[in-house]
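Take a look at the structure below.

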Amino acid sequence: MGSVYRRTWKAKDGKVRRSKRWWMDYRDATGKRIRKPASTDKKISHSMLRKEEEEAERIRMGGPEKGSLDTSLSGLARLFLMDMELHLKPRTLQDYREVLGILLLRDTPALSVKKVARLKPTTVKEYQAKASRKLASRTVNKHIRILGTMLNWAVNSQLIPCNPIKGVRMLPVVPTRPQRALSEEEISELLLVADADSRDIWILFLDSGLRKREMASLTWADIDFEAQQIRVRAEETKTGKGRTIPMSDGVLQILDRRHKEADPEPGDVVLPSICGRPFYTQALHVFKLDAEAAGIDPAGVHIHGLRRTFATRLIRAGADPKTVQTLLGHSTLELTLQLYTDAKAMDLRSAINRLPTLRVEEAHPVYWVLPVTGESTSIPRAS
């Protein structure tokens, strides 16, 4: 049990002096004896002592140390994600988990520092310089923003006294080249060079138009073999609305074969991996390797472009835009037409050739044309 007291000392004149300020005497969470100044008011000093003792007891019971820069970054990240499970949508929470996993929670995290005290603005700038060699500026900025969000949460939760990277400037966003759809020749080359596992996955993308996140979250319970449909759950979509996608013959064959080979439970993920690597984090890397092996021009080519290719192929096959919008799960038709159909990949000549021929057997002009002025008059021609 701690106590408050006034310090005393013997002055040069031989008299005993007493300090105006009260001091606290207590033991911290480790049992170490602590003596430090409090207030000139005794009641306030007692109140301060109680708070210190309560804090010491909380830490002894396993709670994180309050307001300490010696706090573990990985520990903060885990506490933050646990709290965010109560507040964030599943899609956003998955983003946070992925980014904090890269930065702090992997066996070899991108940020080498382990304590908040060692995290400096220069640490973040070094990461920005290194990461920007492989990632787009927009992606690197997303990583830093999520890290800053976690640190601000820790400050508000009184787990650390301040955000050590507050004020770090984001990278300038370099405009990226617009994504494009693959041509039929490029699709053939991609499927020809791909591994059997990745070939299945590229076909699933090309024949369903699913986003990578939607594909990664599919469970076997979402696959209706009897109705030959894929159910996309609302919580996994960007718009928050679920949708149903009919299976093509190729998709049905692939999923049926994989289901028989795996003999999974209904809650198991359909695509846990790609070529032996975690699907969600490695699909883009595998796609880049396959596209390079196929000799595809990398300008504007991205795994998300398979979704654009799906939409463009549907339009070329004669599907109406509203149907394409429904299959893609877009909130507006304008988005479908502007972003997910590639005009360069359209067969414009065939589209014109599909127009019915206009035939006029015998002209019946309604107006006379005056020969001098060339102007028309509303006087009807006599029959």
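This text goes through strands first, then a helix pair, then one more helix. Keep in mind that the model is predicted.

Start with the strands. Strand β1 covers residues 3–10, and strand β2 covers residues 16–27. The two pair in the antiparallel sense, over seven bridges. Two of the residue pairs can be picked out by eye. V4 has M24 in β2 as its bridge partner. For R6, the partner in β2 is W22. Together β1 and β2 form a hairpin, with five residues between them. Look at G14 in that turn: its phi is positive, at about 90 degrees.

Now follow β2 onward. Its next partner is strand β3, residues 33–37. This pairing is also antiparallel and runs over five bridges. Here W23 stands opposite P37 in β3. A hairpin is formed by β2 and β3 too, with five residues between the strands. The turn holds G31, which has a positive phi of about 90 degrees.

Next, turn to a pair of helices. Two packed helices are described by the angle between their axes and the distance between the axes. Find helix α3, residues 90–105, and helix α5, residues 137–156. Their axes come within 10 Å and cross at roughly 95 degrees. An angle of 65 to 115 degrees counts as roughly perpendicular. The two helices are therefore roughly perpendicular to each other.

Which residues of α3 and α5 meet? On the α3 side they are D95, Y96, V99, L100, I102, L103 and L104. On the α5 side they are K142, H143, I146, L147, T149 and M150. By class, this contact has nine nonpolar residues, two polar ones and two charged ones.

Notes:
Residues are numbered from 1 along each chain as its sequence is written. This is a predicted model: local features need pLDDT of at least 70, side-chain atom pairs count only at pLDDT 80 or more; totals for chains, interfaces and linings use all residues. Side-chain values use heavy atoms; hydrogens and water are left out. Axes are lines fitted to C-alpha atoms, for helices over the stretch in contact, and angles run from 0 to 180 degrees between N-to-C directions. Helices (H or I, at least four residues) and strands (E, at least two) are DSSP runs, numbered from the N terminus. Angles under 35 degrees count as roughly parallel, over 145 as roughly antiparallel, 65 to 115 as roughly perpendicular and the rest as oblique. Contact means heavy atoms within 4.5 Å. Ala, Val, Leu, Ile, Met, Phe, Trp, Tyr, Cys and Pro count as nonpolar, Asp, Glu, Lys and Arg as charged, and the others, Gly among them, as polar. Two strands pair if DSSP finds at least two bridges between them.
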